[in-house]
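Please look over the sequence and the structure shown here before reading on. The notes after them are meant to be read alongside the picture.

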Amino acid sequence: MKKINVKNIKSKFTFRGFLLGLFFYMITILFGLDVFGYIQQTPSVFTLYKIFPGLWPLSFLPLVTAYIGYIVSNNFSNIIRAQNKHLKQEETRSLTVLEFIDNLRKGNFQDSFSLSESKDKLSESLLRLRDYLIKSKEEQEQRRIEEEQRTWVTQGVAQFGEILRKNDDNIENLSYNIIKYLVEYMRINQAGFYLINRTTNEKHFELTACIAFDRKKFADKRIEWEEGLIGRCALEKETIYLTDIPNNYINITSGLGDANPKSILIVPLKTNDEIYGVIELASFKEFQDFEIEFVEKTAESIALTISAVQNTIRTTKLLKETQSQAERMSQQEEELRQNLEEMQATQEESDRREIEMKGILEAIDHAAISSEFETDGTLISVNENFLKTYQYNLEEIEGQNLKIFFFKDNVSELDQILADLQNGHNFKGRVKRRTKMGDEIYLLTTYTPVIDHEGEIIKILSLENDITEQVKMEETLKESKDELGIKLEEAKKEVMEQFKEVEAIKIRTEKTLEGALDAIITMDKNGKIDFFNEAAEKLWNYQRSEVLGKNIKMLFSESSIEKDDFIAAFVDPEKDKIIGERREVPIKDKFGTEVAVLFLLSEAKVGDDHSYTAFIQNVEVELF
Amino acid sequence: MNFKEYLNELKTHTPYDFSDYSDNSIHRRIQKILKDQDLTLEQLYEKTKVDKQFVEHLVEEITVNTTEFFRDPNIWITLFKKLYPSLKRKGTINIWHVGCSSGQEIYSNLIMLNELGLAGRVNVLATDINQKMVKTSKDGSYRYKFNIPYLEAFNKALSKNPIENVSKIDWEKYFNIDLEDDFMEVKSFLRDIPTIQKHDLVKEPVPAMHKFDVIFCRNVLIYFNTTLQSKIFQLFYDNLNNSGQLILGNHEGITGFFKTKFVKNGPAYTKNKVFHFKY
Ligand SMILES: C[S@@+](CC[C@H](N)C(=O)[O-])C[C@H]1O[C@@H](n2cnc3c(N)ncnc32)[C@H](O)[C@@H]1O
């Protein structure tokens, strides 16, 4: 804007007023000049003045108008000046406003206080605008922060959901992944996951996963129910947030040194008012509300997931159990069926044996006198034959002892027999027994102990045959035998006499034989050497005493016994000897030398008694 | 086709011969298999002919493997009281468990032998026709709840009737016990003693070069007919040392001709040293 020159305007207007006054003065003069037409006078101004005296004041008209012009212009210039001043003011104000707005636009609210001095409406509203803007910016900032936190939370929850979804029904892995995520996402320092274990009678916590905890401290991993902050948190089902941490509450390790954390957050894992466990987080900074909220939010999903996982685990376990139970059942069923088959087969085998036994027993029953008795001799049972033989009625001997069938003199025998039986020995023999009538009967008896599987004797089985007849016959036979015996004795004596005679003859002959040149040996039918003369001694180089009573075989070599049929027959008691035939055979002397000799064998028979006499000549001798 | 014909076919096409098993029993077993597998005898026959694996399975199905620890406790007690003392003088005691099933019999015997300080001197062979049972025997791993009552029953019998001062056996000494999983396992020092192998008593030669002092063949012969039983008695007779012992099941016994070759001695049959007839 151009600055208007006020002085110029004043002079202009003064000048223009003068000119206007002058103009009117001139016009008046000019019109006054017309007068000269009427009056003869020399036109001059002076004359005019004289005609029109009024011209005198008029000649001041230019001055007046100039003055008026000046006044007016002065007024104008005053107005303009005022205007200008105003304009100037306006200009600076707009500049300030612009600057203010610019600042507002730039978000610079603090530097614009210059405006507050003026109290015009615009400023006021501008200030209001500013305040509004400030407020809205603050709100926006707040909203942004809130928005950010919300995203953080939702993002966290989403990622967290991913972890929960991806769990593989392994609580340990799951809990580790959970706290690992929490530690990383929340940028905190340590975390522990405590699960409530209800499987045992005593409810307690189990540290299923931890990050950055001092390992030594949690070696046992077990925390009792109602123990410490963990227990309190679970009991009250409320989050516990602590910023005033007792010293040594937890030591954070993992490279951070043994420092105490600044804050601790303990959150119950609950859903539907049911507690599944507790997570404990510790940090070197304080937890923000939204962070706590986040943890609480996740805690519920954790609780839900854990309840689901535990459910799955329980169901799988149940399923497995049912399966293995079903398996076991079918196995048991098979076992039962096998048991049944075994029982049936056993039964059939027993039946088979029983039938066989029965057959045998029946046969025995028919043929033999049978009875059974206890180890002390008390009768258990008897068969028909028994009753017949002993001439008793069944009633009479029921429960009786074996003793009643013994004669008084023989009762001691029974004790001996029973004692032997008790030691498991059988008894077998011919016995004398007493019938009811007191008659003697003779029996061929076997007592057999019946032994059970444990080796205990349960009873004794008696099988007997009546041999009374036989015994009687034998006795008569014996009697006649006795008679015969006497006769025999007499005969024997006679024979003895004869024997003596024979013996004498024998000695005589032996003497002669002794002196014979031929070697002579006699042997009995069994091959025992009875006689060995001097010539034989020479031939064999044996002393008589060395050979008498010995077996004939010693006089021959093994090979010749084998090869030579004559010797073979000679030395073998079973074989028929070659009698009356002279044979050349090899003999073996004491030193093992074989010598060929001529053998002639003769036989002597006395009753059943055979004896053989051999006459031997040395072949070599004959040659000379 | 009837089951007898089937058994004959089985005999010609496979290494197994069940034709001399006790008629009633084998018939029931085959019926059971037919029913379980929903087969006719003909179909069974077809499968038997071509499928070796199936035959093994069939054998497992046919055999009855019922067994217990210390089955018939009192018999075991008598056995150890009367039988083993005579074996104490021997350097090595050769034992054969025929039809050992899942092995409880083997370990019952070994446990008691160990209690008597004889476990180091035994040479134990155990055989069964059933592959699966052989494996179970080798593993020595059993269900706890099912088996412990039998062990306890034996302890009870022992307490009434101690064997050489042994009146109670501490089972933990011999088993690793896992109550939670309901199983018990024979400790390896015991498990390492026996040689356990698959063997068919009917068809295969005795899998040993030596003779035996004790042969356990309990509850196996009940499944055989008399002919086969006699054949097996001959086999046992031939493979026992003089005065060797044959231990049969509670309801089994030697009948017929072989009765004279053995002397019954409580639960055991002792091989007769001299062979003679008794009338
Ligand atoms: C009932 S169990 C007896 C188990 C045990 N000895 C006991 O008494 O407790 C019979 C066993 O004999 C076996 N077995 C059947 N036939 C056989 C054969 N031919 N050769 C070997 N073992 C056989 C079966 O596999 C079964 O395990």
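**How to read the model**

This is a predicted model, in which local features need pLDDT of at least 70 and side-chain atom pairs count only at pLDDT 80 or more, while totals for chains, interfaces and linings use all residues. Residues are numbered from 1 along each chain as its sequence is written, chains are lettered from A and ligands numbered from 1 in the order in which they are written, and side-chain values use heavy atoms, with hydrogens and water left out.

**Chain A as a whole**

Chain A has 17 helices and 16 strands, where helices (H or I, at least four residues) and strands (E, at least two) are DSSP runs numbered from the N terminus. Of its 624 residues, 34% are buried, a word that stands for under 20% relative accessible area, with exposed meaning over 50% and partly exposed in between (1.4 Å probe, protein chains only).

**A nonpolar patch**

A:Phe60, A:Leu63, A:Val64, A:Ile68, A:Val72, A:Phe76 and A:Ile79 make a nonpolar surface patch of about 630 Å². Within this group, A:Ile68 lies in helix α4 (residues 61–106) of chain A and is partly exposed, at a relative accessible area of 46%.

**Helix α2 of chain B**

Helix α2 of chain B (residues 23–37) has 15 residues. Its buried residues are B:Ser25, B:Ile26, B:Arg29, B:Ile30, B:Lys32, B:Ile33 and B:Leu34. After the helix comes B:Asp38, which has a positive phi, near 55°.

Terms used. Expected span 1.5 Å × (residues − 1). Patch = residues over 30% accessible without salt bridge, like charges linked within 9 Å, V, L, I, M, F, W, Y side chains within 5 Å. Areas by Shrake-Rupley, 256 points an atom, 1.4 Å probe, with all protein chains shown as cover. Salt bridge = Lys/Arg side-chain N within 4 Å of Asp/Glu carboxyl O.
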